[in-house]
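Reader: I would like to go through this model and ask what lies behind the terms used for it. Please set each value against its cut-off.

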Amino acid sequence: MLWKMAEILIIEDEKDIVESLEYNLKKEGYRVSKAYDGLNGLRLAGEKIPSLIVLDLMLPGLDGLEVCRRIKRNPKTAAVPVIMLTAKGSETDKVVGLELGADDYIVKPFSIKELIARIKTILRRYEKPKEKPLAAVKFKDLEIDTDKHEVRAAGKPVELTAKEFQLLLYLAENKERVFSRERLLDTVWGIDVAIETRTVDVHMRRLREKLGKAGRHLVTLRGVGYKFKE
Ligand code: CA
C-alpha cells in the first residue's frame with residue numbers, strides 16, 4: 001500500500017526515543033529521516049518534504065512550536081502533517097501546537113504502538129485518491145481500451161502491435177495536437193533507440209490500413225508531423 005512507503009521525519013533530541021521510533025517505523029515499512037534539533041529538522045523538512053513529521057516540543061535551538069510555525073508557513077511544507085510530542089500536562093503547548101497547524105499531539109511518555117497507529121490514521125486521511133487513467137478513449141467509430149489493450153474500429157477488433165497501439169493512444173489522448181516525427185519517436189520508442197524518423201511514417205501507414213475508415217483520424221501535416229483529428 002502507498003502509505004507504507006511513506007517517509008517519516010523525526011525531530012527529537014532524545015536519542016532513545018528516536019532510536020526506538022526509527023526501529024519500529026522501519027519495521028512497519030516506512031522510510032525514516034531524523035534530526036536532533038529544531039534547525040536541522042526544519043532544513044530536512046524543506047529538503048525531503050516528508051509524508052509526515054513527528055515533532056518534539058522541547059528541542060535545543062529552535063523549539064518545536066517555532067519549527068511547526070515555520071513548517072506551516074513554508075508553502076513547500078505547509079501540507080505535511082505534523083504530530084507533536086508534548087510533555088505531560090503542558091496543556092497550553094498542545095493548544096498552541098494545534099493552533100499552529102499540528103495535526104495531532106501525543107503526550108510523553110507514550111507507547112510507540114499508539115504513535116504508529118496515529119501516524120497510520122493521519123497518512124490514510126492524507127493519502128491522495130489515485131488518479132485513474134482513462135480506461136478507454138472513445139470516438140464514434142474508434143475505441144481504444146487501455147485496460148484490455150484493445151482497439152475497435154467501427155465495432156470490430158483491430159490487431160495492433162504494441163508500438164502501433166502506443167502511437168495511436170498517444171495521439172488520441174492528445175487529439176488535435178500536432179507532433180513531429182522526432183517527438184513521436186522520443187515518446188513512443190524512447191530517445192535512446194536509434195531509429196529513423198521514417199519508422200514513424202511506416203507505422204502510421206500500417207495503422208491507417210488496419211483501422212480502415214477510422215484511419216481518417218490520423219492526419220498527416222506535410223513537413224510538420226501528425227495529429228489525431230476527432
Ligand atoms: Ca525534547
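Reader: Where is Glu-176 found?

Author: The model is a predicted one. Glu-176 is found in the loop between helix 6 (162-173) and helix 7 (181-189). Phi of Glu-176 is near 75 degrees, a positive value in a residue other than glycine.

Reader: What makes Glu-176 partly exposed?

Author: The relative accessible area of Glu-176 is 41%. Buried would need under 20% and exposed over 50%, so Glu-176 counts as partly exposed.

Reader: Which value of phi does Ile-49 have, and where is Ile-49 found?

Author: Phi of Ile-49 is near 40 degrees, a positive value in a residue other than glycine. Ile-49 is found in the loop between helix 2 and strand 3 (52-56). With 36% relative accessibility, Ile-49 falls between the cut-offs of 20% and 50% and therefore counts as partly exposed.

Reader: Which residues does the cis peptide bond join?

Author: The cis peptide bond joins Lys-108 and Pro-109, with omega at about -5 degrees. Pro-109 is found in the loop between strand 5 (104-107) and helix 5 (112-126).

Reader: Why is helix 2 called roughly parallel to helix 3?

Author: Helix 2 (residues 38-48) and helix 3 (residues 64-73) pack at an angle of about 20 degrees, and their axes are 10 Å apart. Angles under 35 degrees count as roughly parallel, so helix 2 is roughly parallel to helix 3. The crossing of the two is right-handed. Helix 2 contributes Gly-38, Leu-42 and Ala-45 to the contact, and helix 3 contributes Val-67, Arg-70 and Ile-71. By class, the contact of helix 2 with helix 3 has 4 nonpolar, 1 polar and 1 charged residues.

Reader: What makes helix 6 and helix 7 oblique to each other?

Author: Helix 6 and helix 7 pack at an angle of about 120 degrees, with axes 10 Å apart. Roughly perpendicular covers 65 to 115 degrees and roughly antiparallel begins over 145, so helix 6 and helix 7 are oblique to each other. Helix 6 passes helix 7 in a right-handed crossing. On the helix 6 side the contact is made by Lys-163, Gln-166, Leu-167, Tyr-170 and Leu-171, and on the helix 7 side by Arg-183, Leu-184, Thr-187, Val-188 and Trp-189. The residues of this contact divide into 6 nonpolar, 2 polar and 2 charged.

Reader: How do you know which term applies to helix 6 and helix 8?

Author: The axes of helix 6 and helix 8 (residues 198-211) come within 10 Å and cross at roughly 85 degrees. That angle lies in the range of 65 to 115 degrees, so helix 6 and helix 8 are roughly perpendicular to each other. Lys-163, Glu-164, Leu-167, Leu-168 and Leu-171 of helix 6 meet His-203, Met-204, Arg-206, Leu-207, Lys-210 and Leu-211 of helix 8. This contact has 6 nonpolar, 1 polar and 4 charged residues.

Reader: Which residues coordinate the calcium ion?

Author: The calcium ion is coordinated by Asp-13 (OD), Asp-56 (OD) and Met-58 (O), at 2.1 to 2.3 Å. Along the chain the donors follow the spacing D-x42-D-x1-M. Asp-13, in the loop between strand 1 (7-11) and helix 1 (15-27), and Met-58, in the loop between strand 3 and helix 3, are 45 residues apart and link distant parts of the chain.

Reader: What makes Met-58 exposed, and what makes Asp-13 partly exposed?

Author: Met-58 has 61% relative accessibility, which is over 50%, so Met-58 counts as exposed. Asp-13 has a relative accessible area of 30%, between 20% and 50%, and is therefore partly exposed.

Reader: Which residues is Arg-152 in contact with, neighbours within four places in sequence aside?

Author: Arg-152, found in strand 8 (residues 150-153), is in contact with Asp-141, Leu-142, Glu-143, Asp-145, Pro-157 and Val-158. The C-alpha atoms of Arg-152 and Asp-141 are separated by 8.0 Å.

Methods. Residues numbered from 1 in each chain as written. Predicted model: local features only at pLDDT ≥ 70, side-chain atom pairs only at ≥ 80, totals over all residues. Heavy atoms only, no water. Axes fitted to C-alpha atoms, helices over the stretch in contact; angles between N-to-C directions. Helix = DSSP H or I, 4+ residues; strand = E, 2+ residues; numbered from the N terminus. Left-handed = near helix turned anticlockwise from the far one by under 90°. Contact = heavy atoms within 4.5 Å. Nonpolar A, V, L, I, M, F, W, Y, C, P; charged D, E, K, R; others polar. Buried < 20%, exposed > 50% of the residue type's maximum accessible area, 1.4 Å probe, protein only. Donors = N, O, S within 2.8 Å, 3.2 Å for Na, K, Ca; no water.
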